[in-house]
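Please read the following report with the sequence and the model open side by side. It goes from helix packing to charged pairs and then to backbone details.

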Amino acid sequence: MVQATAKAPRGFRSITKNMGLKDLEDDFAVVVSEVAARSAAVFTRSRFAGPSVVLSREAAHRQGARGMVVLSRNANVATGRIGAENAAEVRRRVAEIVGIDSEELVIGSTGVIGRPYPMESIRSGLAALSWPFPEADYAAAAKAIMTTDTRPKYVSAPCGDAVVTGIAKGVGMIEPNMATLLTFFFTDADIPAAELDAVFRRVMDRTFNALSIDTDTSTSDTAAIFANGLAGPVDLAAFERALYDVALHLVRGIASDGEGASKLIEVQVTGARDDTQAKRVGKSVVNSPLVKTAVHGADPNWGRVAMAIGKLDDETDIEPHRVRIQYDDLLMHPEVPSDELLEQATRYLAGAEIVIRIDLGIADGAFTVYGCDLTEGYVKINADYTT
């Protein structure tokens, strides 16, 4: 069971600090293992990926990263040669403080695009740090990596004698394609590198790659896991369940905290030709501005869900008469809903968590995606973002 205050994995240390990117709050975080670790990571596929992603991709190939360093409120993207040099310098200086190789750190950066780091302020802040850092404070790290998030996102789950802890930030510019979303996981489980990579990718596909706030893929998406093995071996299936539970909890937290959002939307697609088709249908529904605004206004207009399915015109095996559309357990299609049912749907849609169920009636493919409603708040946040 996931918990915000569960026992933490052993052997990790952290530091957070204000480096001058935010006005007052911490905007810099490091979490690193005291000992060597195995790692796995996935990153954005954006053609405008920032230098932090480029550096971290190179480190990820070694599968031996021990931790992460993140700067928030500045993406350091589209900043040319100086941006690449600054990212490399930050990672190198942190590695020197800890006493490890630069390639043992994943670096993340999130926030405004097109602005170089304020390096004088950052260099001054780094000069004040010394190793060893305190025992890892995941709540502080989760808060330090936030940009427009309204609350920090961190959670842990036990796995035998080990613990899996995850932190995440991101509430806008989110349609992860990995692989401003960052998520990191820390565990003291002893997992071989190949198995860790395979498990991590499976879990990311079913959680973070099932998430969408606004269909926009960030230039900085980074997801990584660090396993230092201090708790010894664990059952691999149990570890995957624990990691999935932690990741899903973070995903739901991100969706419900979407920029300006007032409701979490979960779209469950079953009866598809395969899981890929189910995911495509789910994403079409959860990304539809008309579906999002209908949910926001508690308008039981299930026709907008039908529209979002129907616009996938190359999915020729989807037959409308076989498709079932439900708001939770309320069947809206193919039967014509009564006035009483529409009233029940209105009351249901007024809630904070909305489940839309779609069965395509084709085969046994299934996938669940997560998102949120669309409100005036989203427009205001992003109209004023750089100011």
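The paragraphs below describe selected helices, cysteines, salt bridges and backbone features.

This is a predicted model, in which local features need pLDDT of at least 70 and side-chain atom pairs count only at pLDDT 80 or more, whereas totals for chains, interfaces and linings use all residues. Residues are numbered from 1 along each chain as its sequence is written, and side-chain values use heavy atoms, with hydrogens and water left out.

**Helix packing**

Helices (H or I, at least four residues) and strands (E, at least two) are DSSP runs, numbered from the N terminus. The axes of helix α2 (residues 80-98) and helix α3 (residues 119-127) come within 11 Å and cross at roughly 5 degrees; these axes are lines fitted to C-alpha atoms, for helices over the stretch in contact, and the angles run from 0 to 180 degrees between N-to-C directions. The crossing angle makes α2 roughly parallel to α3, given that angles under 35 degrees count as roughly parallel, over 145 as roughly antiparallel, 65 to 115 as roughly perpendicular and the rest as oblique. On the α2 side the contact (heavy atoms within 4.5 Å) is made by Asn86, Glu89, Val90, Arg93, Val94 and Ile97, and on the α3 side by Met119, Ile122, Arg123 and Leu126. Sorted by class, the contact of α2 with α3 has six nonpolar, one polar and three charged residues, where Ala, Val, Leu, Ile, Met, Phe, Trp, Tyr, Cys and Pro count as nonpolar, Asp, Glu, Lys and Arg as charged, and the others, Gly among them, as polar.

Helix α1 (residues 51-60) is mostly covered, with seven of its ten residues buried; buried means under 20% relative accessible area, exposed over 50%, and partly exposed in between (1.4 Å probe, protein chains only). The buried residues of α1 are Pro51, Ser52, Val53, Leu55, Ser56, Ala59 and Ala60, and what covers them includes β3 (38-43), α2, β5 (105-112) and β9 (222-233).

**Cysteines**

The structure holds zero disulfides, a disulfide being a pair of cysteine sulfur atoms within 2.5 Å. Cys159 counts as buried at 4% relative accessibility, and Cys372 is buried with a relative accessible area of 1%.

**Salt bridges**

Side chains of opposite charge can pair when their charged atoms come close. A search of the whole structure finds 24 salt bridges, each defined as a side-chain nitrogen of Lys or Arg within 4 Å of a carboxyl oxygen of Asp or Glu. The table lists some of these pairs.

| Pair | Closest N and O atoms |
|---|---|
| Arg92 and Glu96 | 3.3 Å |
| Lys153 and Asp257 | 2.8 Å |
| Arg280 and Glu315 | 2.9 Å |

Arg92 and Glu96 are four residues apart in helix α2, which means that about one helical turn separates them. Arg92 counts as partly exposed at 36% relative accessibility, while Glu96 counts as exposed at 51%.

In the second pair, Lys153 is buried with a relative accessible area of 5%, and Asp257 is buried with a relative accessible area of 5%.

Arg280 counts as partly exposed at 34% relative accessibility, whereas Glu315 is buried at 10%. Arg280 and Glu315 also belong to a network of salt bridges that links Arg273, Asp274, Arg280, Asp314, Glu315 and Asp317.

**Backbone details**

Most residues other than glycine have a negative phi, and most peptide bonds are trans. A cis peptide bond joins Trp131 and Pro132, with omega about 5 degrees, and Pro132 is found in the loop between α3 and α4 (138-144). The peptide bond from His333 to Pro334 is also cis, with omega near 20 degrees, and Pro334 is found in the loop between β12 (330-333) and α10 (339-349).

Gln63, a residue other than glycine, has a positive phi near 55 degrees. Gln63 is placed in the loop between α1 and β4 (67-74) and is partly exposed, with a relative accessible area of 26%. Arg73 has a positive phi of about 85 degrees although it is not a glycine; Arg73 lies in strand β4 and counts as partly exposed at 27% relative accessibility.
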